[in-house]
Amino acid sequence: MKRILKPLMVLISTLALFIASTSSMACFAWALREPKMPESLIKED
Amino acid sequence: MEFPERVSSKLTSVIADHLEDLPEQKLAEINYGIAVFITNSYKMLFIFALAILLNIFKYFLIAFMSFGALRTFASGVHAKREWTCLPASTIFFFGIVYLGMAASLNVYAVSIIFSLCFAAVIRYAPADTEERPIVSRKLRRKLRILSCTAVVVLYTAALYYIGTVISSIITFSVLVETVLILPITYKLADSMYGVGIKINNKREV
């Protein structure tokens, strides 16, 4: 079970990081609510 | 804490247990990514299923794509609570579809609506929220240009299908999304417009 869980967690984390970074540049949430974005993702000049 | 955030924080704890070398910052980003995914996916599944049941899936998809194409760059007001989001999303998407099916717009009506929307997008896009402020001026400029481009592309599509339900649905999708970026809509929804600009101005003082 552990052998499957670790790669699965890596996969979920990678997808979540992709969604998070995409969401920091454009509005990923087409539905009418969005969770609070962490400060590390706020882009600055 | 809302339902998507509750699930995402539980899942993030499991990830943190299995991948021990991840820093706090990355875990916060993973938590946010999962929450965004959950927030969108279960609502979309519900709305997609409803569109299939109502036998309007084709028109719904056009509304969804047109609305989403502009919303991706222009953003706009969001619901504060999870329980208000699903009914609001459902009303907006199905309202657009049924309005498009009921009202046939001619070339003048489409052109006037798109001109007003284009002016509003130039003035107010991108409209960020307290949850996701857009602080970078460069990013704001880029998103404004992309929003205007999306309006022009959708206007071309609406003209191509003029006199059909598709044209009306595209036009109403752009109209609804444009209304969602207006400061007056933010006031009505008790949200703050231009959070990113305010943060940027404070830092520059």
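Is Ser75(B) buried or exposed, judged by the other C-beta atoms within 10 Å? In this predicted model, Ser75(B) is buried, because 26 other C-beta atoms lie within 10 Å and 20 or more are required for that class.

**Helix α1 of chain B**

- Helix α1 of chain B covers residues 3-18. Its 16 residues should span 22 Å at 1.5 Å a residue, and the 23 Å between its end C-alpha atoms agrees with that expectation.
- Pro4(B), Ser8(B), Thr12(B) and Ile15(B) are the buried residues of this helix. Viewed down the axis of α1(B), they fall within an arc of 60 degrees, so they line one face of the helix.
- The face turned away from that buried side carries exposed residues, namely Arg6(B), Lys10(B), Ser13(B) and Asp17(B).

**Contacts between chains B and A**

- On the chain B side, 42 residues are in contact with 31 residues of chain A.
- The elements of chain B that each give two or more residues to this side are α1, α2, α3 (57-74), α4 (82-102) and α6 (137-160).
- The greatest contribution to the side of chain B that touches chain A comes from α2(B), with 14 residues.
- By class, that side of chain B holds 21 nonpolar, 12 polar and 9 charged residues.

**Backbone exceptions in the loops of chain B**

- As background, most residues other than glycine have a negative phi, and most peptide bonds are trans.
- Asn55(B), which is not a glycine, has a positive phi of about 65 degrees. Asn55(B) is located in the loop between α2 and α3 of chain B.
- Asn55(B) counts as exposed because it has 9 C-beta neighbours inside 10 Å, and the exposed class takes in residues with 12 or fewer.
- Ser75(B) is likewise not a glycine and has a positive phi, of about 55 degrees. The loop between α3 and α4 of chain B holds Ser75(B), and this residue is buried.
- The peptide bond joining Ala125(B) and Pro126(B) is cis, with omega about -5 degrees. Pro126(B) belongs to the loop between α5 (107-124) and α6 of chain B.

How values were computed:
Residues numbered from 1 in each chain as written. Chains lettered and ligands numbered in written order. Predicted model: local features only at pLDDT ≥ 70, side-chain atom pairs only at ≥ 80, totals over all residues. Helix = DSSP H or I, 4+ residues; strand = E, 2+ residues; numbered from the N terminus. Expected span 1.5 Å × (residues − 1). Arc of directions from axis to C-beta. Contact = placed C-beta atoms within 7 Å. Nonpolar A, V, L, I, M, F, W, Y, C, P; charged D, E, K, R; others polar.
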